[in-house]
Amino acid sequence: LNTWEVDANEVLASQEVYNISIAVGIEPHSFENMKNVDMSKLRYGKVVIMADADVDGLHIATLCQALFLKHFPALIHYGHIYIAVPPLYKIQAPPKKGDKSKLKTVQIKYAEDEKEKEKFIDEFLTQGFNIKDLLISRFKGLGEMSPDQLKETTMSIKTRKLIQVCINDEKATNEMFDNLLIKHKKYSNWRRNWLEENGDRAHDSN
């Protein structure tokens, strides 16, 4: 649900938002009354947005960020909102030639985007593998992963990658979400042009 233009007194009409509020333990609130929120009721230290690594998943993650920014800003202000970074590719190399161990260890690298995929492929090639030796697969989404893969790449504290959601400039952040999510039809053509010109800014902070 796009909650960016939904009033605070109406947002709990959404069953999904209501469920999130109950699970987290914090009621919706505005930025102005953020200091009045009883954070002792927060049930989790980290609230992690987890979505697929493709464009649809990024859209969902943006909608979730908008929800927390607009209606649960205290969670962002106090550093409780994170975004998981699941992999988009898996690159697998066979055991190295001359590997005499009984396990015959297979080498696996998980890449979060095209650039990292090419980096890992180059690393394997420098180890003496040919491109035909490598098994490269693209994940369709988190639901397509095995439990072990999901744990290793996205769930395990030891190996997962999280990005903390922070606000450095409140005005600029609100303007950005206005550009992305305001629903009035008169903005549709303007937004399309704006996205074409600024779409690559999504990766500026990496």
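**Note on the predicted model: cores, rings and selected loop residues**

1. In this predicted model, Ile81 is in contact with Val47, Ile49, Phe68, Leu75, Ile76, Ile163, Gln164 and Val165, when its neighbours within four places in sequence are left aside. Ile81 is also among the residues with the most contacts inside the largest nonpolar core.

2. That core comprises 25 residues, and Ile26, Phe68, Phe72 and Leu75 join Ile81 as those with the most contacts inside it. Two or more residues each are given to this core by helix H1 (15-24), strand S1 (47-49), helix H2 (55-71), helix H3 (73-77), strand S2 (81-84) and helix H6 (170-181). Helix H2 provides the largest share, six residues. Apart from this core lies another, of ten residues, which include Tyr89, Ala111, Ile121 and Phe124. As general background, nonpolar side chains tend to be buried together in soluble globular proteins.

3. The chain has seven helices and six strands. Read from the N terminus, the order of elements is α-β-α-α-β-β-β-α-β-α-β-α-α. Among contacts with a separation of 6 or more, 61% join residues 24 or more positions apart.

4. On overall dimensions, the radius of gyration of the chain is 21 Å, whereas a compact globule of 206 residues would have a value near 17 Å. Along the principal axes, the C-alpha atoms fill a box of roughly 65 × 45 × 30 Å. Of the 206 residues, 34% count as buried. The chain exposes about 13,800 Å², and carbon and sulfur atoms supply 51% of that area.

5. Five aromatic pairs are found in a search of the whole structure. One of them is formed by Trp190 and Trp194, which are stacked at 6.0 Å centre to centre with 15° between the planes. Both residues belong to helix H7 (residues 188-198), where they are four residues apart, about one turn of the helix.

6. Two lysine residues are placed over tyrosine rings. The charged end of Lys117 sits over the ring of Tyr89, 4.6 Å from its centre; Tyr89 is also one of the residues of the ten-residue core. Lys46 lies over the face of Tyr82, at 5.3 Å from the ring centre.

7. Pro86 is located in the loop between S2 and S3. Its relative accessibility is 7%, and therefore Pro86 counts as buried. Residues up to four places away in sequence not being counted, Pro86 touches Ala51, Asp52, Ala53, Glu112, Leu142 and Thr154. Gly45, by contrast, lies 41 residues from Pro86 in sequence and 20 Å from it in space, C-alpha to C-alpha.

8. Thr105 occupies the loop between strand S3 (89-93) and strand S4 (107-111). With a relative accessible area of 46%, Thr105 is partly exposed. Thr105 and Pro95 are ten residues apart in sequence, and their C-alpha atoms are 5.2 Å apart in space.

Notes:
Residues are numbered from 1 along each chain as its sequence is written. This is a predicted model: local features need pLDDT of at least 70, side-chain atom pairs count only at pLDDT 80 or more; totals for chains, interfaces and linings use all residues. Side-chain values use heavy atoms; hydrogens and water are left out. A nonpolar core is a set of buried Ala, Val, Leu, Ile, Met, Phe, Trp, Tyr and Cys residues joined through side-chain atoms within 4.5 Å. Buried means under 20% relative accessible area, exposed over 50%, partly exposed in between (1.4 Å probe, protein chains only). Contact means heavy atoms within 4.5 Å. Rings of Phe, Tyr and Trp (its six-membered ring) pair if their centres lie within 6.5 Å; planes under 30 degrees apart count as stacked, over 60 as edge-to-face and the rest as tilted. A charge sits over a ring if NZ of Lys or CZ of Arg is within 6 Å of the ring centre and within 35 degrees of the ring normal. The radius of gyration is taken over C-alpha atoms; the globule rule is 2.2 Å times the number of residues to the power 0.38. Accessible areas come from the Shrake-Rupley method with a 1.4 Å probe; for residues, only the protein chains shown count as cover.
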